[in-house]
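Subject: Handing over the structure

Hello,

Here is the structure I promised to pass on to you. Please open it first, and then read my notes below alongside it.

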Amino acid sequence: MTTAVANEKKVVAHEVMGLTGNDAAAHALRQVNPDVAAVFPITPQTELMHKFSEFVANGQVETLLVNVESEHSAMSATVGASAAGARAITATSANGLALMWEIVAIASSLRLPIVMPVVNRAISGPLNIHCDHSDSMGCRDLGWIQLYSENSQEAYDNIIMAFRIGENPKVKLPVMVCLDGFILSHTMERVEIIADNKVVNDFTGEYKAEKGLLNPADPVTYGPLDLTDWLFEHKRQEVEGMKNAFGVVGEVSAEYGKLTGRSYDYVEKYMLDDAEVAVVALGSTAGTAKATVDELRAEGVKAGMLKIRMFRPFPGKLICDALAGCKAVSVMDRAFSFGLEGGPVFNEIRGAAYGAGLQVPMVSHIYGIGGRDINTEMIRGVFGQLKEIAGAGKVDGDIERYVGLRDY
Amino acid sequence: MADEKKVKGWKGVMDGGLVDPGTSEVYNTGSWRTYRPVWHEDRCIHCLQCWAFCPDMSIKAENEKFAGFDYYHCKGCGICAKICPVKGEKAITMVLESEAAAEEKKKQGGES
């Protein structure tokens with residue numbers, strides 16, 4: 001069932017649809033109409049490409065869909081297609097991402113602007129199919145831009161924007177659009193999609209690879225041996241692409257905001273301006289944290305929340321500025337960083353805080369591992385600890401804490 | 001062949017390690033050689049089997065006749081010497097690179 005929306009605030013017409021996160025992502029890909037999709041099923045991503053393959057079968061897109069025999073092959077085929085000059089996509093989760101790891105790094109090294117939705121799921125083992133961020137956090141140093149989605153609407157919007165971001169000639173980097181497995185991927189939500197495909201096509205534009213292997217007029221070699229004399233230089237170029245991505249994500253998001261009425265920033269501040277205690281979260285937990293902040297505000301607690309939408313490149317300065325007025329902060333991580341005190345997001349923020357001169361007492365709360373539930377009551381518990389820390393002016397006890405763990 | 005120019009930095013080359021085609025031509029693989037093929041003109045029948053079999057296009061031919069080796073690219077694999085059909089002592093023999101170099105030096109010294 002679709003209903004046309006007449007909303008004056010929206011610059012372009014939208015349709016309201018009841019969609020799961022996977023379906024919303026598939027609709028975004030349908031409207032972008034990429035040249036090549038290399039697909040392999042893995043829970044909870046499977047339905048995303050299942051839905052997209054329906055669009056292919058129905059002739060709603062012109063995409064060449066390649067059924068491959070593994071995720072390693074999926075990313076390899078995507079790299080090949082992209083190097084040929086095609087707009088290429090794939091999607092995966094958890095162990096699928098782990099299996100394609102080798103080629104994930106090659107995609108960014110060859111500066112191929114592939115777009116890949118990652119439906120977040122715990123990396124086994126022991127075997128688990130539910131949501132945490134151990135998959136995408138595990139490859140945070142592989143040179144991909146990473147956007148995290150709070151809900152299915154954001155997943156849809158981020159995917160459309162991802163093509164423009166990655167394909168920008170100053171960037172030329174692949175983009176991971178992360179959405180939480182099951183919590184978003186399999187839950188039906190109200191999603192507004194752009195009514196006219198042409199609007200999406202005009203926004204993304206036609207992809208013209210700077211150097212495509214199928215252009216005989218300008219032959220080039222992709223992926224030659226790159227030894228002690230050159231690899232350092234090529235990695236430094238990748239750094240520059242990441243640096244440029246910072247501005248490009250902002251420009252593209254602003255343009256998308258004007259087009260659709262939905263604006264996105266690198267980070268989203270929620271009730272943070274006068275907040276004394278705040279949590280930092282990414283993905284669907286940002287929504288749960290907002291609801292918790294609303295409850296606490298109604299009770300007179302000056303609570304706030306900071307959502308990180310863009311994790312790579314890392315907006316450290318913006319995060320530190322946003323948290324500067326707080327008396328205690330918890331960074332909520334849905335992944336471990338074994339051997340390090342605190343989760344990966346926590347440690348990056350604490351590292352940025354040192355450079356920014358931010359002295360706010362900060363703790364790491366690890367939650368939601370392997371799909372363990374996270375609710376407002378649990379986040380209230382986090383805020384309760386923050387109140388104590390704010391009162392003491394320092395962190396007593398453990399830096400790394402757990403939410404929802406049977407800690408006995 | 002030494003290039004005295006400053007080697008390019010990361011800003012001066014294509015992103016992602018992409019390279020223009022045909023660059024193997026300027027790469028000195030001749031330095032990998034342990035054995036050097038040496039031609040004996042008196043025994044050569046100019047069948048050009050060495051030219052056909054060389055995997056690195058390092059046999060030069062002119063007017064359908066053997067015209068020397070491209071030592072800048074020849075890796076010294078010895079296929080030319082092996083394929084040479086001349087009976088008895090072959091028209092191409094493999095000589096240790098160090099011995100060939102000493103021989104060359106001696107010859108130059110003797111001539112001057």
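Let me begin with chain B. Chain B has 3 helices and 4 strands (both are DSSP runs, helices being H or I with at least four residues and strands E with at least two, numbered from the N terminus). Read from the N terminus, the elements of chain B follow the order β-α-β-β-α-β-α. Chain B is more spread out than a compact globule, because its radius of gyration is 18 Å, well over the 13 Å that the globule rule gives for 112 residues. The radius is taken over C-alpha atoms, and the rule is 2.2 Å times the number of residues to the power 0.38. Along the principal axes, the C-alpha atoms of chain B fill a box of roughly 55 × 35 × 25 Å.

Before going further, two notes on what you are looking at. This is a predicted model, in which local features need pLDDT of at least 70 and side-chain atom pairs count only at pLDDT 80 or more, while totals for chains, interfaces and linings use all residues. Residues are numbered from 1 along each chain as its sequence is written, with chains lettered from A and ligands numbered from 1 in the order in which they are written. The model scores ipTM 0.85 and pTM 0.89. For chain B the average pLDDT is 91, and 94% of the residues score at least 70 (pLDDT is the predictor's confidence in each residue, from 0 to 100).

How much of chain B is buried? Of its 112 residues, 14% count as buried. A residue is buried if 20 or more other C-beta atoms lie within 10 Å of its own, exposed if 12 or fewer, and partly exposed in between, with C-beta atoms placed from the backbone. In chain A, 50% of the 408 residues count as buried.

Now to chain A itself. Chain A has 12 helices and 16 strands. The C-alpha atoms of chain A fill a box of roughly 70 × 60 × 40 Å along the principal axes. Among contacts in chain A between residues at least 6 apart in sequence, 80% join residues at least 24 apart (two residues are in contact if their C-beta atoms, placed from the backbone, lie within 7 Å).

Chain A is assigned domain 1 (11–194 + 234–260) and domain 2 (267–403); such bounds come from an automatic or database domain assignment. Where they touch, domain 1 of chain A gives 28 residues and domain 2 of chain A gives 19 residues. On the domain 1 side, the elements that give two or more residues are α5 (134–138), β7 (145–148), β8 (175–180) and α8 (231–260) of chain A.

Where do the two chains meet? There, 10 residues of chain B are in contact with 17 residues of chain A. The side of chain B that touches chain A has 5 nonpolar, 3 polar and 2 charged residues.

Finally, two residues to look up. A:V403 lies in strand β16 (residues 400–403) of chain A and is buried, with 20 other C-beta atoms within 10 Å. A:F338 sits in the loop between β14 (328–333) and α11 (344–356) of chain A, and counts as exposed with 5 C-beta neighbours inside 10 Å.

Enjoy exploring!

Methods:
Nonpolar A, V, L, I, M, F, W, Y, C, P; charged D, E, K, R; others polar.
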